[in-house]
Every structure is written in structure tokens, then in C-alpha cells.
Amino acid sequence: MNIHFICRGNVLRSLIAETYLKSLGLTGVLVSSSGTSVDLNDPQEQLFLATTKQVLARHGLAQFAKVRPDQLTQERANGQDLTVCMNQRVVDEARSKVKLPANVLSWNITDIGEGARTGKFENGRELEEVIYDEVVAKVDELLRTLGR
């Protein structure tokens, strides 16, 4: 089974989902992730990637993380048994860039800088941990649904 996770920058939510699922070592499950607007020239995106890797390291998952984010392309969208977008905004952005397969799930995981997660936060690490917990819970729920 091929599972593809999509968020905006592929530096937080989809990266966590891909890394966590890879860490489980499930036989017959190939997992990937990408973003609708990857820009590693942006210092903010570089910071998000670095802090996400710290979150993954705190949870013992650093060795399963890919080195750099991937831009969503039609080639990456093709051939997936299941595509998971982190929220409806991501679904809309992805559909404006590629033809998504029919089997798209949309989770309701708000990114930093969206909705109630806008503005300055005293402890960004705490918010990243909240998002980590949300993503891991959704991946676990997905696996239960798939009978894995």
C-alpha cells in the first residue's frame, strides 16, 4: 500500500506523518510526503524544518526522517493507494497544482500560522508538540481503519 501525506511546506505536519509511519516498519506499506508550496530558500521554512527534526529526535524518530522536503508534483501524486491532506486548505492547494487521485482524505490539522495558531507564541516547541500529537493520533486512527 502506498500512502502519501501532503501539507503546505512539507516541513511539519506531513513530514511528521511520513516519519512516524515509516518508524512503525509496517510490511507492505510505502510512505511518502510532499508540500504544496515548498521553499527551502525561505529562512522561516528552514527554521520549521530544523525544529521539526528536533521534535522527531525527542520522540526517537530522527533516523526515519528524510533529509529535505519534497514539492508536490504530478509524479508524486500518481500511483498512491491513499493520499492524506492535512486539512481542506491543503486539498484545495493540491488540486490547483496536480490532479489528485479520487481517494483523498482531508484531516483537520491546523498548521502554525493558520486559524487559532496565528500570531506569536511564547513557546513554539509546545505548539509543535501539540501538532505532533495530533498527527500521530490521526496516523494511528488511520491504521486502525485500515486494519493494520
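I count two strands as paired if DSSP finds at least two bridges between them. Helices (H or I, at least four residues) and strands (E, at least two) are DSSP runs, numbered from the N terminus.

Before going on, I recorded the ground rules. This is a predicted model: local features need pLDDT of at least 70, side-chain atom pairs count only at pLDDT 80 or more, and totals for chains, interfaces and linings use all residues. Residues are numbered from 1 along each chain as its sequence is written, and side-chain values use heavy atoms, with hydrogens and water left out.

**Strand pairs**

I looked up β1 and β2 next. They run parallel and are joined by 6 bridges. Ile-6 stands opposite Ser-34 in β2. Contact here means heavy atoms within 4.5 Å.

**Burial and the aromatic pair**

How many residues of β1 are buried? I find 5 of its 6, so the strand is mostly covered. I use buried for under 20% relative accessible area, exposed for over 50%, and partly exposed in between (1.4 Å probe, protein chains only).

I then searched for aromatic pairs and got 1. Phe-5 and Trp-107 form a tilted pair, 5.9 Å centre to centre with 50° between the planes. The rule takes rings of Phe, Tyr and Trp (its six-membered ring) with centres within 6.5 Å; planes under 30 degrees apart count as stacked, over 60 as edge-to-face and the rest as tilted. This pair links distant parts of the chain: Phe-5 is in strand β1, Trp-107 in the loop between β4 and α5, 102 residues apart. Both are buried.

**Cysteines**

A disulfide needs a pair of cysteine sulfur atoms within 2.5 Å. My count is 0 disulfides. Cys-7 is buried at 3% relative accessibility, and Cys-85 is buried at 0%.

I placed Gln-80 in the loop between α3 (74-77) and β3. At 15% relative accessibility, Gln-80 counts as buried. A polar atom of its side chain lies 3.0 Å from the backbone oxygen of Arg-76. Leaving aside neighbours within four places in sequence, Gln-80 is in contact with Asn-2, Ile-3, His-4, Ser-32 and Asn-103.

Is Glu-129 buried or exposed? Buried, with a relative accessible area of 18%. Glu-129 lies in helix α5 (residues 124-145). Again leaving aside neighbours within four places in sequence, I list Val-55, Arg-58 and His-59 as its contacts.

Conventions. A polar contact is a pair of N or O atoms within 3.5 Å; within protein, one must be able to donate a hydrogen and the other to accept it, and residues adjacent in sequence count only if both atoms are side-chain atoms.
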